[in-house]
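Notes below, in the order I looked things up.

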Amino acid sequence: MNHITITAQTGDKEVTIETGKLAKQADGSVTIRLGETIVLVAAVAATKAKPGQEFFPLTVDYREKAAAAGRFPGGYFKREGRPTEKEILTCRLTDRPIRPLFPKGWFNEVQVQSVLLSADGENDPDILSIIGASAALTVSDIPWDGPLGAVRLGRVDGQFVVNPTHEERKKSDLDLIYVGNASGDVVMFEGSAKEITEDDFNGALVAAQEACVPLIKAQQQLAAKVGKPKRTIELSLVPDEILNDAKALAGERMIPALLTPGKLAREAACKAIADEVGVKLVEKYGAEKVTAMVVKEAFYHIQKENVRSLILNQGKRLDGRTSTQIRALSGEVGMLPRAHGSALFCRGETQAVSLVTLGTTEDAQEFDSYTGGANEKKFILHYNFPNFSVGETGRISGPGRREIGHGALAERSIEPMLPLSTYPYAIRITSEIMESNGSTSMASVCGGTLALMDAGVPLIRPVAGISIGICTEHDKEDAITKYELLTDIIGWEDAFCDMDCKIAGTANGITGFQLDLKLRGLPQAIMKETIARAKDAREVILKAMSEVISAPRAELSKYAPRIETIKINPEKIGALIGPGGKNIKRIVDESGCEINIEDDGTVNIYSTSAEGMKIAREAIGGMTAEAEINRVYRGKVVTIKEFGCFVEFLPGKDGLCHISELANFRVKQTEDIVKMGDEIWVKCLGVDEKGRVRLSRKAAMADREKEIAEKA
């Protein structure tokens with residue numbers, strides 16, 4: 001293959017796509033560049049499906065290399081290991097838009113691998129991974145209905161910025177990752193905003209789609225120059241005769257089964273029919289022709305067809321709601337005594353328990369940031385999805401990609417409403433899913449908000465979220481001819497319909513969003529309706545949440561650490577810390593407090609004990625106090641010299657009491673008056689330009705004698 005390069009102009013920046021130079025044994029490979037950030041993406045598909053394969057095995061993997069930024073990996077191990085959260089989230093960003101564009105019924109394994117080769121610290125490579133995956137698949141012989149364009153869109157001073165740098169993103173009130181297709185449709189979006197209005201968000205989607213056009217054209221030109229035809233494939237589809245017999249055997253029983261109230265009862269009713277139909281199909285066609293996979297696929301098709309017919313033709317949802325109706329809402333706060341804040345949020349059969357923990361700034365999460373941007377987080381939301389939440393058993397392990405992705409969505413939805421720049425605590429929310437039947441990530445937003453208010457965290461405004469689905473009907477050209485938007489989708493509506501659009505925000509605007517489509521794209525006009533529907537639902541949920549708790553509590557939990565802030569001269573930081581941390585360690589040991597010192601001289605003291613707080617406050621005040629001329633101090637002799645002694649008159653601060661200032665008569669030897677360790681009264685006579693302090697025992701004694709005389 002010849003080396004081919006195509007450049008696309010997006011906004012005021014250029015994206016360069018190259019192929020034919022690296023990874024030439026892959027079915028398709030490209031390098032993609034923005035600034036000096038470069039990502040290699042390679043795609044390979046197996047030549048045949050594994051025997052008995054029942055699903056499409058697509059794996060997307062994105063990895064960052066420290067060498068790309070000219071750095072060593074942090075920590076003990078000097079080789080990159082398991083993927084970081086940033087890498088996992090980029091995998092998900094890359095996977096979600098490309099997955100629906102593979103042929104249905106094609107079960108050959110496909111791997112798309114992205115590797116960061118160069119990081120300039122200004123341009124984030126996550127967008128390049130998405131574009132690169134599209135380009136690699138487009139130039140390959142792998143069957144795929146692309147290409148796609150992808151951009152990050154920010155808004156600085158009211159103006160949209162395409163692919164903003166990290167510095168520009170700091171000033172932006174929008175962080176939109178957008179993927180669009182050649183037809184002008186939305187394929188995927190994800191991101192956060194600082195209460196952007198629905199109208200402005202719709203405008204952002206239109207602007208992002210326009211920015212995608214040059215990228216799509218560039219990939220089309222690249223594919224034409226490569227000239228690689230797509231391979232011939234075989235689809236694993238259920239034979240029509242078996243599918244028709246399965247429909248006949250299920251008959252009219254499917255509709256009542258699907259309309260059975262309650263998730264578990266509905267699943268049991270449908271499974272009973274599936275088991276019965278499966279046995280009859282095996283009896284007729286034999287076990288070799290009617291495998292478990294064939295029965296499963298046939299019944300999935302029957303369920304999907306009936307669910308969609310109920311919605312589009314009869315206006316019925318499985319749980320009896322209208323298309324705009326939200327399930328029953330309830331909530332509770334303060335349910336767990338030891339958590340600093342806790343809440344239960346329920347929406348139908350979806351139930352989340354959220355716990356808030358307040359910590360010191362030392363508890364903030366630190367991480368390597370090879371690609372630029374933040375390397376620390378003061379707010380963390382962790383989402384956990386146990387098997388029992390869906391009434392199932394299974395492998396019990398650590399968080400997977402789904403848990404990390406859902407937690408990140410809830411985290412960025414709430415974060416814009418936290419005053420993190422001024423709030424002295426680190427904040428962690430854990431969202432424990434107790435029941436799941438649709439949009440647990442948005443339940444985590446609602447539950448997390450309630451728990452934060454229960455903890456007394458000063459949220460700017462409460463945040464709520466909801467998921468909007470869609471059921472569509474298409475013509476032969478795959479254009480949408482009929483559709484129904486569905487507010488607050490349940491699990492089976494997610495599985496059998498076409499969209500899961502999650503939008504979170506406040507009464508003032510949108511703060512977080514994520515779109516997953518099973519379609520090849522959705523027209524902007526329908527997306528505009530979806531966003532309006534989400535706003536209406538959000539207002540209902542916010543009202544219900546306000547009836548549980550209307551404002552953050554005035555007092556923190558008695559188990560939360562108290563904080564007191566002291567401002568010291570930054571030049572005193574070294575003295576406070578002491579050699580090897582000696583001074584600060586002593587204060588921590590004596591008081592039992594945690595003490596954090598900022599570079600600007602801000603000292604935060606964290607304690608659950610009033611007595612410990614007092615000890616730490618007084619010790620820090622003493623060690624950082626400045627010597628006051630003419631003030632009398634009680635000090636300790638720490639050094640004896642021929643010319644006098646040095647007295648520690650403040651913690652860690654000493655001064656010279658010259659031999660002539662030891663007494664009101666001539667002193668021959670310092671030891672005649674003081675010994676090592678003696679405590680004496682001294683008066684500060686002055687401080688020279690080098691900070692050296694002159695003390696006088698003689699003057700202090702005279703002042704004290706005068707004071708005693710006056711009292712007498």
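**Charges**

I started with the charges of this predicted model. The protein carries 90 positive and 100 negative charges, and their mean positions sit 3 Å apart.

**Overall build**

**Glu411**

I went to helix H9, residues 401-414, to look at Glu411. Is Glu411 buried or exposed? Its relative accessibility is 10%, and buried means under 20%, so Glu411 counts as buried. I followed the side chain of Glu411 and it reaches the backbone nitrogen of Leu381 at 2.9 Å. Leaving out residues up to four places away in sequence, Glu411 touches Lys377, Phe379, Ile380 and Leu381.

**Ile302**

Ile302 belongs to helix H8, which covers residues 292-314. I read a relative accessibility of 3% for Ile302, so this one is buried. Outside the four places on either side in sequence, I found Ile302 touching Leu243, Ala246, Lys247 and Met254. I also took a C-alpha to C-alpha distance from Ile302 to Arg412: 38 Å in space, for 110 residues in sequence.

**Lys502**

I wanted to know where a lysine in strand E20 (residues 499-505) sits, and picked Lys502. Lys502 has a relative accessible area of 3%, so I logged it as buried. Which side chain does Lys502 join in a polar contact? I found Asp500, at 2.9 Å. Beyond four places in sequence, the residues touched by Lys502 include Leu409, Ser441, Met442, Ile466 and Ser467. Gly512, Phe513, Gln514 and Asp516 are also among the residues that Lys502 touches.

Gly146 and Pro147 are joined by a cis peptide bond, with omega about 5°. I placed Pro147 in the loop between helix H2 (126-139) and strand E7 (148-156).

Ala23 turned up with a positive phi of about 50° although it is not a glycine. I located Ala23 in the loop between strand E2 (13-19) and strand E3 (28-34), and its relative accessibility of 34% makes it partly exposed.

Asn163 also has a positive phi, about 50°, and is not a glycine. Asn163 lies in the loop between strand E8 (159-162) and helix H3 (166-171). Here I read a relative accessible area of 4%, so Asn163 goes down as buried.

**Trp681**

I moved on to strand E28, residues 679-687, which holds Trp681. Trp681 counts as partly exposed, at 31% relative accessibility. With neighbours within four places in sequence set aside, I listed its contacts: Val632, Tyr633, Arg634, Ser696, Arg697, Ala700 and Arg704. I also checked Trp681 against His406: the two are 275 residues apart along the chain, and their C-alpha atoms are separated by 65 Å.

**Arg327**

My last stop was Arg327, in the loop between H8 and strand E11 (329-333). Arg327 has a relative accessible area of 8%, so it is buried. Which side chain makes a polar contact with the side chain of Arg327? I got Asp488, at 2.9 Å. Asp488 is also in the list of residues that Arg327 touches beyond four places in sequence, along with Asp319, Arg321, Arg347, Gly348, Glu349, Thr350, Asn437, Gly438, Ile489 and Ile490. Going from Arg327 to Glu564, I noted 237 residues in sequence and 44 Å in space, C-alpha to C-alpha.

Methods. Residues are numbered from 1 along each chain as its sequence is written. This is a predicted model: local features need pLDDT of at least 70, side-chain atom pairs count only at pLDDT 80 or more; totals for chains, interfaces and linings use all residues. Side-chain values use heavy atoms; hydrogens and water are left out. Lys and Arg count as positive and Asp and Glu as negative; His and the chain ends are not counted. The place of a charge is taken as NZ of Lys, CZ of Arg, CG of Asp or CD of Glu. Helices (H or I, at least four residues) and strands (E, at least two) are DSSP runs, numbered from the N terminus. Buried means under 20% relative accessible area, exposed over 50%, partly exposed in between (1.4 Å probe, protein chains only). A polar contact is a pair of N or O atoms within 3.5 Å; within protein, one must be able to donate a hydrogen and the other to accept it, and residues adjacent in sequence count only if both atoms are side-chain atoms. Contact means heavy atoms within 4.5 Å.
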